[in-house]
Amino acid sequence: MTTRAIFQRYPELQAHLPWQPLAELPTPVHALPGLANGWIKRDDLTHAAYGGNKVRKLEFVIAEMKAKGVRTAYTFGATGTNAGVAAALLCKDAGVALTVYTFDQPDSPTVQRNQALMRAAGANLVHRGTLLATVLTFYLHPARLRSDAYFLFAGCSNPVGVLGYVNAALELADQIAAGELPEPEVIVVPVGSNGTLAGLTVGVQLAGLKSRLVGVRVAESHLGPIQTCTTYAVQQMVNQTTAFLRQHVPTLKELHVQAAPLNEAYFGTGYGVPTDAGKAAITRFANDFAIPLEATYSGKAAAAFLDEVAATTGPVLFWDTFNSRSTDALLGTLKSA
Ligand SMILES: Cc1ncc(COP(=O)(O)O)c(C=O)c1O
């Protein structure tokens, strides 16, 4: 039977948590050739058509939409949002009409490709320009009064989506227990809308792993006075997640989970603005491991990972969050459908 590590560990959750198997899990783990202590978790392969970190979150999000009878969904992200692509594809399959409000991001082939994919998947794209205008459109939307509309936070990082990464950490613990990899001393992951790191932070503690999580900030830290990508913002999401779990799993009453400070050293000059270190890491991953990364998220995190590998004697795990399936093939399929 298809199930998830989170339900095996906490069977009582399954009664409260809509879930639909969409991802191909567990994702593989393996050593990276030529790096004595470098390992990778292949969340680039979470789905046969389009992988990346959003599919894990959408297993819970799409199921919640279906349970609520949702017909239309709204989300927001940068012009090249990977979350928008994953949501557009899986909403299409679920019969949910998706609108994606977008804000400016430096142009790149990945951005262009993601725009084409979202359109081909039938998403309604509305460009709002600045992040502030986009966020205001999202939060003040008149459809918020409708019960069949769903508002999905950027990066698919809403309370149920984050559980996808609690599950991911428990899945990793099962792989460690099965001897597929040693327990990492360090786990490196990019941080944008915070959900991936928040879920992993909770899951690593629940699993009893000693691994130190290094969240590499790649998004703007603030929107005016509001903290958008900071240690505090991650902690808020951690607290929301532990509250949800405590509510449904009575044995978790005493759960106190502390988010580690974000790594600020690889952001560069802006969201989506490539850095030299990120570009070098992308080249290294392409040449040495045949794994494609991009400049906004995974390249910057990979730069941090390579430095952690050099500075650490124990195993260091890179959590690959960027889809590596061929988007040429996907675009062709969508256009011919
Ligand atoms: C490829 C990729 N990696 C990492 C992230 C960051 O994950 P999160 O938004 O959960 O912090 C995102 C999206 O935001 C992404 O598209």
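This is a predicted model: local features need pLDDT of at least 70, side-chain atom pairs count only at pLDDT 80 or more; totals for chains, interfaces and linings use all residues.
Begin by selecting the ligand together with its surroundings, where 15 residues form the shell, and the closest of them are Lys54, Lys57, Ser193, Thr196 and Thr321. If you then display pockets, you will find that the space taken by the ligand is the largest pocket.

Next, colour the shell by residue class, which gives 9 polar residues, 4 nonpolar residues and 2 charged residues around the ligand.

Select Lys54, where an N or O atom of the side chain is 3.1 Å from an oxygen atom of the ligand. Move on to Gly192, where a polar backbone atom is 2.8 Å from an oxygen atom of the ligand, and then to Asn194, where a backbone N or O atom lies 2.9 Å from a ligand oxygen.

Step back to the secondary structure and select α2 (54-67), β7 (186-191) and α7 (195-207), each of which supplies at least two residues of the shell around the ligand. Which domains does the shell draw on? Colour domain 1 (5-53 + 159-326) and domain 2 (55-157) separately, and you will see that each gives at least three residues to the shell around the ligand.

Finally, turn to the backbone. Select Pro26, in the loop between α1 (5-9) and β1 (29-31), and inspect the peptide bond from Leu25 to Pro26, which is cis, with omega near 0 degrees. Then go to the loop between β6 (149-152) and α6 (159-177), where Cys156 is found; although Cys156 is not a glycine, its phi is positive, at about 55 degrees.

Terms used:
Residues are numbered from 1 along each chain as its sequence is written. Side-chain values use heavy atoms; hydrogens and water are left out. A residue is near a molecule or strand if one of its heavy atoms lies within 4 Å of it. A polar contact is a pair of N or O atoms within 3.5 Å; within protein, one must be able to donate a hydrogen and the other to accept it, and residues adjacent in sequence count only if both atoms are side-chain atoms. On a 1 Å grid over the protein atoms alone, a cavity is a set of points where a 1.4 Å probe fits but cannot get out, and a pocket is an open set with protein on both sides within 12 Å along at least five of seven lines; lining residues have an atom within 4 Å of a point. A molecule sits in a cavity or pocket if more than half of its atoms lie within 2 Å of its grid points. Helices (H or I, at least four residues) and strands (E, at least two) are DSSP runs, numbered from the N terminus. Ala, Val, Leu, Ile, Met, Phe, Trp, Tyr, Cys and Pro count as nonpolar, Asp, Glu, Lys and Arg as charged, and the others, Gly among them, as polar. Domain bounds come from an automatic or database domain assignment.
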